Amino acid sequence: MLSLPRFYPKDLDMFTVIGLMLAGMLTGFLLHKRNLSFIHPAITMLIWALLFLLGIEVGGNEAIIRGLHTIGLEAVVLTLGGTLGSVTAARLLWQALTDGKKKRPSETNTSQSAQSDTLHALKGSLVIVGFFVLGVLCSLMGIVPGHVGSRVSFYALCGLMTCVGISVGNDPQTLKNFRSLNPRLVFLPVMTILGTLAGTAVVSLLLTHRSLTDCLAIGSGFGYYSLSSIFITEYRGAELGTIALLANISRELLTLLAAPLLARWFSPLAPISAGGATTMDTTLPVITRVSGQEFVVVSIFHGFVTDFSVPFLVTLFCSL
């Protein structure tokens, strides 16, 4: 006799969050003629709040604090494995598209403007990380109890995903960018996802105390550290959520700092693949300078697809 699948409260939470994101996209599309300028500040504030709450939970967990140095090392290893897998996959795609012919990346990769773009993106990342650190300190000093906010963080996550969906659906450039995309490069997000998961799976062999699904869930953040760490914290606990936060922050920073080398060693597609879900916002200026203006649409499309895949893949691996 076949048994029906069982659904638990966490599964219902997962469907709720994804459903709210899709509903938000529909709402944004229906309101595409209206200027919803408040959405982006709302997304920023919700991310700050969620990372602050994650910091509180981490600060209240003595086991995590004692093992923070080990957690940081795991995060670095997972970052290197996932990024190396993604840029290798991007190189293979580039060779297939160009029949092995090499194309030099733009020589403007050391310009003053590129350095300014990098510093601006790094500043934004550090501000977000600051809220996480503030939450940890508040918990360690006893200002806020470590057990506070577990359910509040879920409601904040629901609000965040609704706003993200509205932002995507309300953007009139989304369809225009997709229509102008070179059809030969639509496989880049797929290569990034497969390459990252393959690299992360290899690294999981070294981290014997972590399950394969734990490592794949972290890798599925694709640099979207705020959202992925929040999801993983909800489903697997604060320790793994902290590793996800550090690993995906490291991926974004690695892309910002090493983009010229990645483009030179692997291909012009490599910085895009390394950037993961950040290539339509924080890492886009640097990618444009390094790889060339012709890759702007590719980068935006790549960021949209990988960004959209994060909640689905992370929750998938967390539920296995």
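Me: A salt bridge is a side-chain nitrogen of Lys or Arg within 4 Å of a carboxyl oxygen of Asp or Glu. How many salt bridges does the structure hold?

Reply: The structure holds three. This is a predicted model, in which local features need pLDDT of at least 70 and side-chain atom pairs count only at pLDDT 80 or more, while totals for chains, interfaces and linings use all residues. Residues are numbered from 1 along each chain as its sequence is written, and side-chain values use heavy atoms, with hydrogens and water left out.

Me: What is the overall fold pattern along the sequence?

Reply: Helices (H or I, at least four residues) and strands (E, at least two) are DSSP runs, numbered from the N terminus. The protein has 14 helices and zero strands, so that reading along the sequence gives α-α-α-α-α-α-α-α-α-α-α-α-α-α. A contact means heavy atoms within 4.5 Å; among contacts between residues at least 6 apart in sequence, 83% join residues at least 24 apart.

Me: Which residue forms a salt bridge with Asp214?

Reply: Arg236 does, with the closest N and O atoms 2.0 Å apart. Arg236 belongs to helix α10 (residues 225-236) and Asp214 to helix α9, so the pair ties together parts that are 22 residues apart in sequence. For exposure, buried means under 20% relative accessible area, exposed over 50%, and partly exposed in between (1.4 Å probe, protein chains only). Arg236, at 26% relative accessibility, is partly exposed, whereas Asp214 is buried at 13%.

Me: Which residues are linked in a network of salt bridges?

Reply: The network links Glu74, Arg210 and Glu239. In another, the side chains of Arg210 and Glu239 meet at 2.7 Å, N to O. Glu239 lies in helix α11 (residues 238-265) and Arg210 in the loop between α8 and α9, so here the parts tied together are 29 residues apart in sequence.

Me: Are Glu74 and Arg210 buried or exposed?

Reply: Both are buried. Arg210 has a relative accessible area of 15%, while Glu239 is partly exposed at 32%. Across the protein, buried residues make up 52% of the 320 residues.

Me: At roughly what angle do the axes of α10 and α11 cross?

Reply: Axes are lines fitted to C-alpha atoms, for helices over the stretch in contact, and angles run from 0 to 180 degrees between N-to-C directions. The axes of α10 and α11 come within 7 Å and cross at roughly 165°. That makes α10 roughly antiparallel to α11; angles under 35 degrees count as roughly parallel, over 145 as roughly antiparallel, 65 to 115 as roughly perpendicular and the rest as oblique. Tyr225, Ser228, Ser229, Ile232, Thr233 and Arg236 are the residues of α10 that meet α11. By class, this contact has seven nonpolar, five polar and two charged residues. Ala, Val, Leu, Ile, Met, Phe, Trp, Tyr, Cys and Pro count as nonpolar, Asp, Glu, Lys and Arg as charged, and the others, Gly among them, as polar.

Me: At roughly what angle do the axes of α8 and helix α14 cross?

Reply: The axes of α8 and helix α14 (residues 296-319) cross at roughly 40° and come within 9 Å. That makes α8 oblique to α14. From α8, Leu188, Pro189, Thr192, Ile193 and Leu197 meet residues of α14 that include Phe301, Val305 and Leu313. By class, the contact of α8 with α14 has nine nonpolar, four polar and no charged residues.

Me: What is phi of Phe222 near?

Reply: Most residues other than glycine have a negative phi. Phi of Phe222 is near 50°, a positive value in a residue other than glycine. Phe222 is found in the loop between α9 and α10 and is buried, with a relative accessible area of 0%.

Me: Why is helix α13 largely enclosed by the rest of the structure?

Reply: Six of the eight residues of α13 (residues 284-291) are buried, so the helix is largely enclosed by the rest of the structure. The buried residues are Leu284, Val286, Ile287, Thr288, Val290 and Ser291.
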